[in-house]
There are 2 protein chains.
Amino acid sequence: MSTDTPHDAREQLIELAAEFYDQFAEGDIPEMTLPTRTKSNIEYDEDSQVWVYGDRTSTRSANSVRGARKLLKAIYTIEFLADQLGEDRSSTLRELYYLSESWDNEEAQFNDQDESNQLIEDLEIVSEVTREDFHMRPEESGATIMGPLELREQTRRGERVIHCQEDVGEGGYQIPNNPDTIEFLENDADFVLCVETGGMRDRLVENGFDEEYNVIVVHLKGQPARATRRITKRLHDELDLPVTVFTDCDPWSYRIYGSVAYGSIKSAHLSEYLATPQAQFVGIQPEDIVEYDLPTDPLSDSDVNALENELEDPRFQTDYWEEQIELQLEIGKKAEQQALASRGLDFVTETYLPERLEAMDVL
Amino acid sequence: MSTDTPHDAREQLIELAAEFYDQFAEGDIPEMTLPTRTKSNIEYDEDSQVWVYGDRTSTRSANSVRGARKLLKAIYTIEFLADQLGEDRSSTLRELYYLSESWDNEEAQFNDQDESNQLIEDLEIVSEVTREDFHMRPEESGATIMGPLELREQTRRGERVIHCQEDVGEGGYQIPNNPDTIEFLENDADFVLCVETGGMRDRLVENGFDEEYNVIVVHLKGQPARATRRITKRLHDELDLPVTVFTDCDPWSYRIYGSVAYGSIKSAHLSEYLATPQAQFVGIQPEDIVEYDLPTDPLSDSDVNALENELEDPRFQTDYWEEQIELQLEIGKKAEQQALASRGLDFVTETYLPERLEAMDVL
């Protein structure tokens, strides 16, 4: 599932519609089979090192009114996407939902946006084409990059060659919705550091961490957009750079790391396209709270709950994570990245990160 | 309250500390007087056309332990800010909160971030220096700009000259935390269009609206960051460009418009620095829901409540807003910007915006 051209994506969609046609022609009731998308049906794939769907499947069949309506909506959506690709245009998930109101068959219109979002994911799975290659843009915008990297972005207005330190302001380079329009040119980078919060991203840039350690700083902006995860994976795979992830010390931040490294349940079909299984967690680790005596907040009930769920989550079933999560439950505390400022504004770039990255063999 | 140099900002802070010193020296109990920051104490200033604080004030005096502690925290913060400016460094509001844990006097440490945020706002008001000039960075990052504008940004790493169409990718130019580091060079723009959602911003860029109509598209990204409001104001004042605001059709979006045009109660002291009173509301207007028969959602109880509050809000007491808000309460509906897609993906750029902007005399 990689960078298909609009033409390929269109072919694949039309092939899908042709399958329904053939089912009809043979007198069969049309149906579409999908992997079951629940936590119990994701499993670790040894080869690709990411979590993928297991063998269990569910079938959408036209043998009920409900199922027939779902397939009708799929057909209308395929037609819209094929047209969009034919005209080399794009649209957002929300636009698709609203656009359906203009469709001539009222039964084909979506009841809510969850329904249209879900259908696009289904089509991604069965066609093995990513949403980006359908030219569906996300609502969420990607984040920014700062570091010793020159790239070429293919925009609708022509090519742009941009160096992500020299040709950008302090805000950095804004990742486009579809980062597969980017080609990496030159780089002088030793590794990639993905950072959860804007405050910490700005601290690293102000302290010149990207220059001193030749690091490409990718701002995750909380739970990272697909565009951000995709470009992170490409930086790893194509430039052969180690990827590290630096977040707050709480269960929600571990999920952020998890979505960069292992993919998510919701998009397990995209793990090979979005996940970077070699990504390493820098911290803040629960043991850092103890070691550096960081300012903390107590764990809330929902934090404790989330940590306990993580202990059950196959993505976190390693000795490292079990030890850290159990320690955190024991001390009952969480901390933010910026809590490192209690040791001074330079502590993170002069002490914490160099120590952690050396311990991890990245430096 | 404009672009002071670090030196000026530092002077003003030290002057504030000197006042406390003088009060002590004269045997007076030190105190600090601030305007009362409630809705009933903001009023319309005819000259500047923005809402500013009225005459009511509150006093922080050291005649109680609580008041004395507040002033102690102010003094420590002033010292930190003066040092920061002396070293030409910067920090985030959250870092300040954590940093206070390293202060030698425990009584001066902040109990929570609300307290430190509030103090920084107090210091802005009494010193008449903006937070940006204290070199306090926000957590929230600014949004992006796309349009026929060339600018020069003064970064810590030297000057960058960037054209906001030709030198950026499809993501646009990322506004830095302090947009007063920007100098506008050349422009070929007829007006500014501030857009609430990323999906609509991307639609306008894909459809080439910025090129066809010579418009600088500023993405607001929901409730706009200070950096976004500041640069919008500067585009208006320095380049003499009409500013228009394009949002969803609901009470929360009218507040977004309000914060661009009139400033907010929380930051009425910054209205002259951040607000663009000449900014015009493009829509989506409640009457557009009727006229264009847009897909809608019903108003929730909290929507109705917010609309009723807006009818009481001095910023919305104009014939136009009263008519629109009363219409919306009557029809009981709200709509999103992207609902225009129900008329096709080009409707917004070929029909809706040209019609509205002509009616408003912007085109």
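In this predicted model, B:K233 and B:D237 form a salt bridge in which the closest N and O atoms are 3.2 Å apart. Both residues belong to helix 7 of chain B, which spans residues 226–239, and because they are four residues apart there, about one helical turn separates them.

Over all chains, the count of salt bridges comes to 53. Side chains of opposite charge can pair when their charged atoms come close.

A further pair reaches from one chain to the other: A:R157 and B:D210 form a salt bridge whose closest N and O atoms are 2.6 Å apart. This pair joins two chains because B:D210 lies in helix 6 of chain B, residues 209–212, while A:R157 lies in the loop of chain A between strand 8 (149–155) and strand 9 (158–163). With a relative accessible area of 0%, B:D210 is buried, but A:R157, at 22%, is partly exposed.

Within chain A, the side chains of A:R69 and A:E107 meet in a salt bridge with an N to O distance of 2.7 Å. Distant parts of the chain are linked in this way, since the partners are 38 residues apart, with A:R69 in helix 2 and A:E107 in the loop between helix 3 (93–99) and helix 4 (113–127). Here A:R69 counts as partly exposed at 32% relative accessibility, and A:E107 is partly exposed with a relative accessible area of 41%.

The residues A:D8, A:E11, A:E15, A:E19, A:D22, A:E26, A:D28 and A:E31 form a negative patch, and its largest share, five residues, comes from helix 1 of chain A, residues 6–25. One member of the patch, A:E31, has its place in strand 1 of chain A, residues 31–35, and counts as partly exposed at 35% relative accessibility.

A cis peptide bond with omega of about 0° joins A:G283 and A:I284, and A:I284 lies in the loop between strand 15 (280–283) and helix 10 (286–291) of chain A. In chain B, the peptide bond from B:G283 to B:I284 is cis with omega near 5°, and B:I284 is found in the loop between strand 15 (280–283) and helix 10 (286–291) of that chain. A:D88, a residue other than glycine, has a positive phi near 50°; A:D88 is found in the loop between helix 2 (65–86) and strand 5 (91–92) of chain A, where the residue is partly exposed with a relative accessible area of 42%. For A:N214, phi is likewise positive and near 50°, and this residue sits in the loop between helix 6 (209–212) and strand 13 (215–219) of chain A, partly exposed at 23%.

Finally, an unreviewed UniProt entry carries the annotation "binding site" for A:E196 and A:D248. Although they are spread over 53 residues of sequence, these residues cluster in space, with a largest C-alpha distance of 7.2 Å. A:E196 is found in the loop between strand 12 (191–195) and helix 5 (198–206) of chain A, and counts as buried at 10% relative accessibility.

Terms used: Residues are numbered from 1 along each chain as its sequence is written. Chains are lettered from A and ligands numbered from 1 in the order in which they are written. This is a predicted model: local features need pLDDT of at least 70, side-chain atom pairs count only at pLDDT 80 or more; totals for chains, interfaces and linings use all residues. Side-chain values use heavy atoms; hydrogens and water are left out. Patches are made of residues with over 30% relative accessible area and no salt bridge: like charges are joined within 9 Å, nonpolar side chains (Val, Leu, Ile, Met, Phe, Trp, Tyr) within 5 Å. Accessible areas come from the Shrake-Rupley method with a 1.4 Å probe; for residues, only the protein chains shown count as cover. A salt bridge is a side-chain nitrogen of Lys or Arg within 4 Å of a carboxyl oxygen of Asp or Glu. Lys and Arg count as positive and Asp and Glu as negative; His and the chain ends are not counted. The place of a charge is taken as NZ of Lys, CZ of Arg, CG of Asp or CD of Glu. Buried means under 20% relative accessible area, exposed over 50%, partly exposed in between (1.4 Å probe, protein chains only). UniProt positions are given in the numbering used here, feature names are shortened, and annotations may be inferred rather than shown by experiment.
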